Amino acid sequence: MESYIPKLLIAIPALPLAAAAIVAVLGKRILREQSHWPVALALAGSCLASVVLIFAVQQAQKDHRHEHVVRLWTWAVVQGAGSGEQGAESGERGGSTPYSVLSTTNSGLSSPAFRMDIVLRADSLTAIMLGMVTFVSTLVVIYANGYMHGDPGYWRFFAYVALFVFSMTMLVSVSNFVLLYVFWEAVGLCSYLLIGFWFEKPAAAAAGLKAFLVNRIGDFGFALGVFLLWTTFGTLDFHDSKVETIPATPGHVATTIVRVDPQEIEDPNVPGTVEPGIFGGHHVPVVGRLTKDHPFGEGAVVTAICLLLFVGACGKSAQFPLHVWLPDAMEGPTPVSALIHAATMVTAGIYLVARCTPLYAASPDAQAVVSTIGGFTALLAALIALTQTDLKRILAYSTVSQLGYMFLALGTGSQLGVTAGMFHLFTHAFFKALLFLGAGSVMHAMGGVIDIRQFGGLRRKLPITHWTFLFGCLALSGIFPFAGFWSKDAILAAVAEKAGEAQSGWIYEYLYYAGTITAFLTAFYTFRAYFLTFQGDERIPKEAGHHAHESPAAMTGPLVILAIGALGVGAYFQWMGDFLKPDGFLMQTPVLKALQIQAEPAGYHVPVVATYPWSPHLTVALISTAVALAGIAVAWLFYVARPDLAESATKPAKLLGLYALSHGKFFIDEIYAALIVRPLEALAALLALVDRYVIDGTVNACGAFPRALGAMLRPLQGGLVQFYALVMALGVLALVGALLW
Amino acid sequence: MPPELAALHSFLAIGAVLFGVGLIGFLSRRNMIVMFLSVEMMLQGVSLSLVAWGRYHNDLGGQMLVVFIIAVAACEAAIALALVLMLFERKNHLDIAMWQELRESNQPLFEEEPLPPQSDEEPAHWPHLTPAGVLPESVAEKESFRRKV
């Protein structure tokens with residue numbers, strides 16, 4: 001079964017790419033209203049391949065083969081990019097300090113060249129991401145078949161979606177930072193195209209531009225991080241490794257040899273193998289070994305790399321201060337919001353941080369930053385979501401908030417934290433896609449109206465949408481036994497555990513409180529949207545017309561499937577142990593294996609596999625459930641039982657301006673406009689003047705000089721033949737004179 | 001000075017004089033035919049010196065070149081005279097100063113000062129040289145012809 005892995009890895013992105021090409025070429029003239037067929041079939045094929053891949057990877061793990069690298073071809077080789085002197089130098093220094101070996105360049109390569117391969121990988125993390133992406137995208141495409149029906153850009157939509165799925169599957173399966181960056185940009189491009197899908201609408205065009213530009217800031221940080229990775233480690237491959245013999249001093253061996261499999265270590269005192277690759281082999285890479293006990297681990301370089309990569313992750317995953325694009329991205333079609341801006345693309349940042357776990361493990365400071373930004377964003381977005389009236393925007397801020405939760409979990413850096421973050425990513429994909437698709441179904445029925453004040457009591461008109469949306473809301477609020485309960489509980493448990501640690505525990509303690517408050521706010525705003533939409537008296541806006549009925553089966557089918565997922569995936573994976581157990585499927589990822597070594601005593605070579613309480617943390621679970629139920633109760637009180645109470649209860653908040661603050665999204669857009677956009681515009685105006693008068697002036701002066709010269713010489717051309725002849729004769733005389741002189 | 005060299009000097013001097021006279025004629029005369037004749041004279045000056053050098057070096061190359069020059073000059077004469085004829089047809093005048101259109105567009109037209117008006121009256125005295133011999137017999141036909149030149 002393992003031998004199928006390369007084929008599967010290639011097939012998963014290749015199918016959507018082929019579908020995108022077919023629809024792009026044939027869609028406008030030939031396929032037209034049938035454009036969804038190639039895409040749906042290709043994505044279903046990819047989804048099937050992903051499921052098979054998961055089983056194949058799992059099978060291979062029984063033989064201790066944790067990663068599979070498929071090298072397709074070499075894209076580019078730059079000779080001498082990584083200087084050979086550097087390698088030699090570090091080899092010399094290897095004798096003096098045990099850490100210099102970490103700066104060895106060109107791992108696994110004989111010549112000092114910057115070499116970029118088109119190379120794919122399969123491990124647990126990739127397999128899970130692939131499965132999630134292809135599954136959700138298949139459902140979304142089926143849904144879009146109903147939702148986008150009759151749109152003039154029908155074929156264009158499906159071509160973009162297929163291109164997006166290609167980019168996203170490549171993003172999670174490449175094994176190289178350069179390719180990761182390429183597909184990072186590619187998903188950004190698809191996001192831009194799809195946000196601005198209805199480009200004749202100015203708001204949509206502006207939202208697409210905003211998303212693109214804000215992401216550019218993040219991508220800049222990402223690019224710098226990649227450069228720094230290259231200069232520091234000399235390789236950008238995830239799988240790169242280099243075997244090198246080093247002197248057998250005890251200190252060396254202790255700090256460099258690390259292997260996951262205890263059987264593989266024979267004698268710790270013999271010269272061992274060094275793996276300076278970033279995430280090498282199924283041996284734990286050296287970077288993964290670096291903990292706060294080791295000098296290099298505290299190095300500013302690793303912290304800088306981590307923070308720069310995190311800037312990129314912030315842009316893509318819409319974390320403060322780069323979160324402003326995601327709510328505006330709701331201008332795109334709703335299936336796109338569900339697929340790209342809730343379930344898949346925005347989790348690319350989470351994936352990046354999870355993929356770089358060994359790096360982050362080497363820098364507790366960067367971890368604290370990741371957690372703090374995540375926790376702060378979670379709270380901020382939840383506060384904003386409280387007062388929004390646009391159903392899709394509420395969900396968008398909820399997405400930002402949940403992504404914040406994931407970063408909060410990843411930033412704890414513990415096994416439980418990283419697995420909880422990935423677990424939440426996985427469950428969130430189900431219930432957030434469900435909620436968005438449900439919102440799309442409501443929007444479809446209401447004739448495009450999305451303001452929750454305009455409609456109400458839709459539970460009878462839209463029974464299926466109502467029930468599935470309720471499931472999504474319960475999952476998002478974290479109510480037992482829905483998916484969100486398990487993952488959110490795991491996150492809060494990880495943070496609570498980290499809060500108990502001596503070093504920088506106080507940060508995590510506050511973050512735990514923030515997370516718990518966010519859980520309350522999440523339940524409140526989710527059920528506020530739910531009650532206003534589905535409960536109370538039936539109110540239907542006049543725009544709805546005759547549309548106010550349940551959506552077609554193509555739309556309700558995916559809703560039902562996702563609702564089952566929102567109910568079941570959490571409990572299933574919690575108890576099947578695929579996520580949270582130390583020996584679970586996800587933990588077989590090489591980069592996450594590195595975390596297990598953290599518990600190893602300093603200076604000792606045998607890894608100690610850490611244990612941690614993977615079962616639900618009872619206290620945390622009780623608190624978060626109580627808080628979520630309280631949120632739902634308050635929402636019920638305010639929006640169903642006693643609407644008058646809501647008025648009186650929010651009056652002080654309104655007086656204090658808190659309501660306006662939340663409704664105005666904390667005026668972050670306005671602050672950016674005042675602090676960044678306006679000064680830049682002023683600078684641009686100034687530079688335009690400089691361009692017009694200084695630069696153009698210089699160029700025009702260069703043009704004016706020959707003109708002036710010409711004007712001076714023009715009288716010579718007087719039209720008198722004999723004058724010409726005279727000048728010629730004098731010229732010959734002068735020439736002859738000069739020759740004779 | 002050997003006689004060959006002396007002969008060469010004489011030839012070259014005559015050639016130079018021919019060339020110089022032709023050049024001055026070309027620069028100073030405005031009648032196109034006269035200018036053309038001056039150019040021919042310059043050519044002959046050069047040809048003469050070529051022949052002289054050829055003779056001096058006992059090398060027939062000079063003579064040969066001159067034969068070519070004569071042939072080319074004949075062609076050139078045909079073309080030049082045709083051109084002059086065409087130009088004359090256009091303006092009914094042989095003055096080269098009539099053709100100033102090829103000057104720069106913003107340059108002033110060269111205009112010669114107008115001649116003082118000429119009266120048809122006979123001058124009181126014709127200028128005359130002091131006769132150093134016998135005054136030629138005046139013929140009425142010739143007198144009238146001369147006046148027009």
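These legends accompany close-up views of a predicted model. Local features need pLDDT of at least 70, side-chain atom pairs count only at pLDDT 80 or more, and totals for chains, interfaces and linings use all residues. Residues are numbered from 1 along each chain as its sequence is written, while chains are lettered from A and ligands numbered from 1 in the order in which they are written.

**View 1. Helices α18 and α20 of chain A.** The axes of α18 (residues 463–477) and α20 (residues 505–534) of chain A come within 9 Å and cross at roughly 170°; axes are lines fitted to C-alpha atoms, for helices over the stretch in contact, and angles run from 0 to 180 degrees between N-to-C directions. α18(A) is therefore roughly antiparallel to α20(A), a term for angles over 145 degrees.

**View 2. Residues between α18(A) and α20(A).** Among the residues that meet are A:His466, A:Phe469 and A:Leu470 in α18(A), and A:Thr522, A:Ala523 and A:Thr526 in α20(A). Two residues are in contact if their C-beta atoms, placed from the backbone, lie within 7 Å.

**View 3. The meeting of chains A and B.** In this contact, 11 residues of chain A touch 12 residues of chain B.

**View 4. Chain B.** Chain B has four helices and zero strands; helices (H or I, at least four residues) and strands (E, at least two) are DSSP runs, numbered from the N terminus. The C-alpha trace of chain B spans about 65 × 55 × 30 Å along its principal axes.

Terms used:
Parallel < 35°, antiparallel > 145°, perpendicular 65-115°, else oblique.
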